[in-house]
Amino acid sequence: MSSHREAPAISQDAVADSTDLYAFVSPDDPSTVTIIANYLPGEAPFGGPNFYEFGDDVLYRINIDNDADGKPEIIYEFQFRTEISNKATFLYNVGPISSLGSANWIRKQFYTVTRVVGGKQTVLGRNLPCPPCNIGPGSTSNYESLASAAIRQLGNGHTVFAGQRLDPFYVDLGSIFDLGDLRPLNKVGPLKLAATHGVDSLSQMNVQSIALKVPKTALTSNGSNPTDVTKPTSVIGVWTSASRRKSVIHNGDGTTTQTGPYVQVSRLGNPLVNEAVIPMAFKDGWNADAPAGDSQYAKFVANPELQSLLNVLYAGAFPHLAALASSGKPRADLEAVLLTGLPSGIVPGFQNNTGKTLADQLRLNMAIPPAKKPNAGGLAFGDAAGYPNGRRPADDVVTIILRAVAGLLYPLIDKTYKVDAAVSLVSDGLGPQNSSYLSGFPYLGTPSSGYDTKGLAA
Amino acid sequence: MSDLTRRDLVKNSVVTAAGMTVIGAFAADAASADSGAAGSEPVVAFVSDPSKGEISVMKGEREVKLRDRKLARDISRAVR
């Protein structure tokens, strides 16, 4: 979760595995939107001798739909290359790394950013440096200075960073995937244990982040600055994708010959869709498909397996949800949140609808300003600047989506529906960790260092 | 498929196969008579079903699809 190792095939291809996607109006620069695409799930900080990096043979994309057709009108492409400056050592670095140009740093990674609009490619930056991984006080003693040096200003008001950060996502994987248990609900759940707080399975783990700050005017279909919440042009749909060459020949000498067009192997819009909505047998196919074709998966959103599981695992706790599930009525509330965005008239003063095309995208109404006091519960808790209006790093999407599946938002489309009292208790018992975030770009916290990490989830 | 003739494809192919699936990876041979046209960039041909004669040829980021039953059969036979 939210998309860490979520499908069988991509779980075996970590560098192409998108873990989370974020899109929000930059709180300290509200004329811009920041989009963060994280890859490589569950990086243990002590990663030597081969520390983590992006895949040189992967084409990473951030896709923007700004005219509600489910297809990308704007694409940002990221392609990486790695250099080894000393072929005589087995080490990542042979001394302290005090700058991005340090000769002690043996294996450096660089990248190119290209903006594609209507098939026309514009290179925004070449040979942009990634920072090293956070190794420890001996090698990367002033880590944030290295990371800050890797933040680069591109043309047309774009700002970019690509490199290791602390994974901002929090989830109790150990509990949830042990028969759907939620520790705060232990007493009535499948394990029948004492209730406890959740355990963050991703605590101290790092990810590889691609963070891009873009002027709003570079994202709208007409180049305007979106100020009217009600206008369709204020809404964009965002998803990230990773692609590999169609043909890979292993040459038998440790090298490969890669040929042919790039083929998509991973994608991510909303959190948890492929993870907890799409059945196992369809997950790999979903990763290869384009969002514009998601009508084929709509039945899994309209009748989610998870709503039935909640009624089985927490028998008697969700009588209204049980009745709704047994009625066979499609979950139009979930379809709106995940596949079309919420139309006007559902939540007063809010919409992030992109029309009738069913497509898994993270939809952001850019006319909604950043919240002065963000609520990690997002829109359901009165904060329209949070999920499902885009997604901020601290948003508690596990709780939001679990409660949504449990019926929290169903009254939006059926005012006679009464939400079960137990829904307010549905949570994996975790919340944002303040140390996991920065107040400015790239907004994600300092990655855990290998030396300082005593053990996972300690 | 402008610069690769059927003759080049067969002449230069080094074919490996499993069952009816044939993947041919072949770099243009510098000694071949038509090396100038073929260039040195690797070319991959993929015959997903020889009986249908469908051949996918990839070079760089390009992919073209051919339908040639005899060529597909010849490639398949090369690995028998």
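Axes are lines fitted to C-alpha atoms, for helices over the stretch in contact, and their angles run from 0 to 180 degrees between N-to-C directions. The legends below describe close-up views of a predicted model.

**Figure 1. Crossing of helices H6 and H7 in chain A.** Helix H6 (residues 305-313) and helix H7 (residues 319-327) of chain A have axes that come within 10 Å and cross at roughly 135°. H6(A) and H7(A) are therefore oblique to each other, and their crossing is left-handed. On the side of H6(A), the contact is made by A:Gln307, A:Ser308, A:Leu310 and A:Asn311, while H7(A) contributes A:Leu321, A:Ala322 and A:Ala325. Sorted by class, this contact comprises 4 nonpolar and 3 polar residues, with no charged residues.

**Figure 2. The largest nonpolar core and its members.** This core contains 109 residues, of which A:Ala23, A:Val33, A:Ile35, A:Val238 and A:Ala406 touch the most other members. Helix H9 (residues 397-405) of chain A provides the largest share, 7 residues. Leaving aside residues up to four places away in sequence, A:Ala406 touches A:Leu310, A:Phe318, A:Leu321, A:Asp420, A:Val423 and A:Val426. A second, separate core has 11 residues, including B:Ala45, B:Val47, B:Ile55 and B:Val57.

**Figure 3. Contact between chain B and chain A.** Chain B and chain A each bring 8 residues to the contact. Within the side of chain B that touches chain A, at least two residues come from strand E3 (43-49) and at least two from strand E4 (54-59). That side of chain B consists of 5 nonpolar and 3 charged residues, with no polar ones.

Methods. Residues are numbered from 1 along each chain as its sequence is written. Chains are lettered from A and ligands numbered from 1 in the order in which they are written. This is a predicted model: local features need pLDDT of at least 70, side-chain atom pairs count only at pLDDT 80 or more; totals for chains, interfaces and linings use all residues. Two residues are in contact if their C-beta atoms, placed from the backbone, lie within 7 Å. Helices (H or I, at least four residues) and strands (E, at least two) are DSSP runs, numbered from the N terminus. Ala, Val, Leu, Ile, Met, Phe, Trp, Tyr, Cys and Pro count as nonpolar, Asp, Glu, Lys and Arg as charged, and the others, Gly among them, as polar. Angles under 35 degrees count as roughly parallel, over 145 as roughly antiparallel, 65 to 115 as roughly perpendicular and the rest as oblique. A crossing is left-handed if the near helix is turned anticlockwise from the far one by less than a right angle, and right-handed if clockwise. A nonpolar core is a set of buried Ala, Val, Leu, Ile, Met, Phe, Trp, Tyr and Cys residues joined through C-beta atoms within 7 Å. A residue is buried if 20 or more other C-beta atoms lie within 10 Å of its own, exposed if 12 or fewer, and partly exposed in between; C-beta atoms are placed from the backbone.
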